[in-house]
Amino acid sequence: GTSLSVSAPPGASGSGFDATCLAAPTDKAFTVEFTNDDSVVHDWALYRDPSATEHLGGGSADEPIAGGESTTYEVDALEAGEYFFRCDFHPTTMTGSFVVE
């Protein structure tokens, strides 16, 4: 399967993730290795769109990843389309697009 990686660099709450666009193949489950290199908690969460009403994978505000820690999120296969990811702790500055094709 596909394995992706994204991190929260130092100062990420103001500057964002190290990547603002990720991609995965259609109809195949994938993993996202998330590393928090910052000093505050973060997560990586995937949603259908920026309204963030349909959580599709990744973490949540109930599962903070402390600075210096990492985790691997397993995400179910998705249909082709453009999706949205964010940090649930810093939802206005830590965002990105996720393309499935």
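In which sense do strand E4 and E5 pair, and over how many bridges? Strand E4, which spans residues 45-47, pairs with E5 in the antiparallel sense over three bridges. Here, two strands count as paired if DSSP finds at least two bridges between them. Strands (E, at least two residues) are DSSP runs, numbered from the N terminus. Within this pair, Leu-46 stands opposite Gly-57 in E5.

Before going on, a word on the model: it is predicted, so local features need pLDDT of at least 70 and side-chain atom pairs count only at pLDDT 80 or more, while totals for chains, interfaces and linings use all residues. Residues are numbered from 1 along each chain as its sequence is written, and side-chain values use heavy atoms, with hydrogens and water left out.

Both E4 and E5 belong to an open sheet of five strands, in the order E2-E8-E7-E4-E5, with mixed pairing. Its edge strands, E2 (21-24) and E5 (55-58), each pair on one side only.

Now to the cysteines. The structure holds zero disulfides, a disulfide being a pair of cysteine sulfur atoms within 2.5 Å. Cys-21 is in none, and the nearest cysteine sulfur, that of Cys-87, is 18 Å away.

The table gives the accessibility of each; buried means under 20% relative accessible area, exposed over 50%, and partly exposed in between (1.4 Å probe, protein chains only).

| Residue | Relative accessible area | Class |
|---|---|---|
| Cys-21 | 47% | partly exposed |
| Cys-87 | 0% | buried |

How values were computed: Helices (H or I, at least four residues) and strands (E, at least two) are DSSP runs, numbered from the N terminus.
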